[in-house]
Amino acid sequence: EFIGKKPKIVCNTDMPDIIHDEIGKMIKAFREGIAILKHKTKNGDFFWTFTHFKPSYKKDGSFEAFVTRRKPIPVNKLKTNETRLKSQIDKLYHVLKGIETHVGYDASKKYLEGYLEDRGYELLSDYYLDFFDFREGEIDEYFSINPRTPDKIVKKYYPV
């Protein structure tokens, strides 16, 4: 029933619009990144996903598509415990959503920019990544695709 709908439709209502827009901005800039997203189930529960987005290129070097892959949060790579990670991100999302609802989108964007800048991050993806202890190439390894990878884990977005 979600085929053809925007990916945002399965996100929890607590997810602020600015988070999706920041991810979209990185995709439009052909940047690889990660995100931690809160999704809802059909019965109203929620679950967290660790999402990786990366441009893919043809053998001739030209752009082919943007590939996104979702997996559970890799708890064995966390610098902190999973409960603390989810709590910290949940608090940020709650504040951003409240600002969007009561003050407006632009105020939420300004808050997020300040939040990241105060912590020394230029990109939201860098903020997420700092929760983990990945070595060079380990993110690609974690998100590697093999013939047994379910289609629902991998999505390709083709340029218009």
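The model is a predicted one, so to speak of a local feature takes a pLDDT of at least 70, side-chain atom pairs count only at pLDDT 80 or more, and totals for chains, interfaces and linings use all residues. Residues are numbered from 1 along each chain as its sequence is written, and side-chain values use heavy atoms, with hydrogens and water left out.

Of the 160 residues in the chain, 38% count as buried. Here buried means under 20% relative accessible area, exposed means over 50%, and partly exposed is in between (1.4 Å probe, protein chains only).

Next comes the inside of the fold. In soluble globular proteins, nonpolar side chains tend to be buried together. The largest nonpolar core here has 33 residues, and I19, I36, Y93, Y127 and Y128 have the most contacts inside it. Such a core is a set of buried Ala, Val, Leu, Ile, Met, Phe, Trp, Tyr and Cys residues joined through side-chain atoms within 4.5 Å. At least two of its residues come from each of helix 1 (17-28), strand 1 (33-40), strand 2, helix 2, helix 3 and helix 4. Helix 2 gives the largest share, with 5 residues. As for Y128, its contacts beyond the neighbours within four places in sequence are I19, I34, A35, I36, I89 and Y93.

Helix 2 (residues 82-102) also packs against helix 3 (residues 105-118), at an angle of about 145 degrees and with the axes 7 Å apart. The axes are lines fitted to C-alpha atoms, for helices over the stretch in contact, and angles run from 0 to 180 degrees between N-to-C directions. On the helix 2 side sit Q88, L92, V95, L96, I99 and E100, which meet Y105, A107, S108, Y111, L112 and Y115 of helix 3. Sorted by class, this contact has 9 nonpolar, 2 polar and 1 charged residues; Ala, Val, Leu, Ile, Met, Phe, Trp, Tyr, Cys and Pro count as nonpolar, Asp, Glu, Lys and Arg as charged, and the others, Gly among them, as polar.

Then there are the rings. The structure holds 14 aromatic pairs, that is, rings of Phe, Tyr and Trp (its six-membered ring) with centres within 6.5 Å; planes under 30 degrees apart count as stacked, over 60 as edge-to-face and the rest as tilted. F50 and F132 have ring centres 4.8 Å apart and planes at 45 degrees, so they are tilted. This pair ties together distant parts of the chain, 82 residues apart: F50 is in strand 2 (residues 46-57), and F132 is in the loop between helix 4 (124-129) and helix 5 (138-142). F50 is buried, at 0% relative accessible area, and F132 is buried too, at 3%. F50 also pairs with F134, this time stacked, at 6.1 Å centre to centre and 10 degrees between the planes. Elsewhere, ring pairs join Y111, Y115, Y121, Y127, Y128 and F131 into a cluster.

Note on methods
Helix = DSSP H or I, 4+ residues; strand = E, 2+ residues; numbered from the N terminus. Contact = heavy atoms within 4.5 Å.
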